[in-house]
Amino acid sequence: MKLPPGKLRNDVLREVVFSNLGVEDAKVIHGPREGFDSAVLEYDESHYLVVATDPTLGVPEETFGFFAYHFASSDVAVFGARPRWLVLDLLLPPGSGKGFLEKVMRELNAECRRYGSSIIGGHTGAYPSIKEPTGTTTVMGLVRKDELKLPLARPGDRIVLTAKVGIEFAVSAAYFRENELRKFLSSREIARLREHFRSETVVPDALTARPFVRGMHDATEGGLTALHEVADNSGLGFRVYAEKLQLDPLVKRVLDFYGLEPWSVSSTGTLIAITPPGEVDALITELNKNEIGAFEIGEFTEDKERLLIENGEEKEFPVFEGDPYVELYG
């Protein structure tokens, strides 16, 4: 069996990865698990240590430093922790310029300073087997035990999204498929899409949302199909109302051009906020005050069905079968 491109499917994770995890350790409160993008370790009597790691590759060079910070930091932030310490493994192709390295480190340093994070170690080098810049960032942060946010829901919890659905796919298309986009977008519109790469983070979203939510998730590869992971781990179903979806008009035009629905495309930067009903208005108000658009799109249900309500018709919510982003980049 050959592994498909992109993130491993859950059945392969269960069979190959989760069955080979070394010794058990009582300090590991939450280890590898479907739908959990961070580990949670015992730190002291009052705090947990939240740890996440993510690769940076296949992104435009001008965005590399930004994503080297935000991919893994987003996973830490959705557990309620501020990203505090980073370890960076940066591997470059032979002949890479010192200027690229300087740009990556300056951008990474700027994001660290913005969020109060420190780079505490790593490895950097150029090697013949590396064909494009590739980074792996491990991020750690502390959270008070009573403020830990897990991606788990209760019946009646509302699904609130930050208004960045499909942004990752559309921005990538603006970089990697510019000639195709020129068939229906102007140069100015393509440039605007490219500038949106800075929206591909949930760090500010999650740090703003954490007082109001029960749990959070980042809609990365597979987009909003991540709702299935939350529902599986919670033993619940959910209902999503298509008419409540808010899409950036440029993003909608890109998705329409490729014949894609917004539910399963890469949407890194879209926060899925699992929100008690009484906190929805306060959450959206606080996000808006911080210039982060947000909207309620559905709820988790005791009924195990996972439904998309569209034009008055109920149908099964899409599942993750492969992400169009992988094909776009490949």
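Below, labels are set against their cut-offs.

Analyst: First, the ground rules. This is a predicted model, where local features need pLDDT of at least 70, side-chain atom pairs count only at pLDDT 80 or more, and totals for chains, interfaces and linings use all residues. Residues are numbered from 1 along each chain as its sequence is written, and side-chain values use heavy atoms, with hydrogens and water left out.

User: Why is H2 called oblique to H3?

Analyst: Helices here are DSSP runs of H or I with at least four residues, strands are E runs of at least two, and both are numbered from the N terminus. Axes are lines fitted to C-alpha atoms, for helices over the stretch in contact, and angles run from 0 to 180 degrees between N-to-C directions. Angles under 35 degrees count as roughly parallel, over 145 as roughly antiparallel, 65 to 115 as roughly perpendicular, and the rest as oblique. The axes of helix H2 (residues 64-77) and helix H3 (residues 98-115) cross at roughly 40 degrees and come within 7 Å. That makes H2 oblique to H3. The crossing is right-handed, a term for a near helix turned clockwise from the far one by less than a right angle (anticlockwise is left-handed).

User: What makes the contact between H2 and H3?

Analyst: Contact means heavy atoms within 4.5 Å. H2 brings Phe64, Gly65, Phe66, Ala68, Tyr69 and His70, while H3 brings Phe100, Val104, Glu107, Leu108, Glu111, Cys112 and Tyr115. By class there are nine nonpolar, two polar and two charged residues. Ala, Val, Leu, Ile, Met, Phe, Trp, Tyr, Cys and Pro count as nonpolar, Asp, Glu, Lys and Arg as charged, and the others, Gly among them, as polar.

User: Why is H4 oblique to H6?

Analyst: The axes of helix H4 (residues 167-176) and H6 cross at roughly 125 degrees and come within 8 Å. H4 is therefore oblique to H6. H4 passes H6 in a left-handed crossing. Ala170, Val171, Ala174 and Tyr175 of H4 meet Ile190, Leu193 and Arg194 of H6. That contact has six nonpolar, no polar and one charged residues.

User: What makes H4 and H9 roughly perpendicular?

Analyst: Their axes cross at roughly 75 degrees and come within 9 Å, with H9 spanning residues 249-257. H4 and H9 are therefore roughly perpendicular to each other. Ile167, Phe169, Ala170 and Ala173 of H4 touch Val251, Val254 and Leu255 of H9. The residues divide into seven nonpolar, no polar and no charged.

User: Why is the pair of Phe67 and Phe197 called edge-to-face?

Analyst: Rings of Phe, Tyr and Trp (its six-membered ring) pair if their centres lie within 6.5 Å; planes under 30 degrees apart count as stacked, over 60 as edge-to-face and the rest as tilted. The count comes to 13 aromatic pairs. For Phe67 and Phe197, the centres are 6.1 Å apart and the planes are at 65 degrees, so the pair is edge-to-face. Phe67 lies in helix H2 and Phe197 in the loop between helix H6 (187-195) and helix H7 (203-209), so the pair ties together parts 130 residues apart in sequence.

User: Where is Glu34, and which residues is Glu34 in contact with?

Analyst: Glu34 sits in the loop between strand S1 (28-30) and strand S2 (39-42). Leaving aside neighbours within four places in sequence, Glu34 is in contact with Asn10, Arg14, Phe18 and Asn233.
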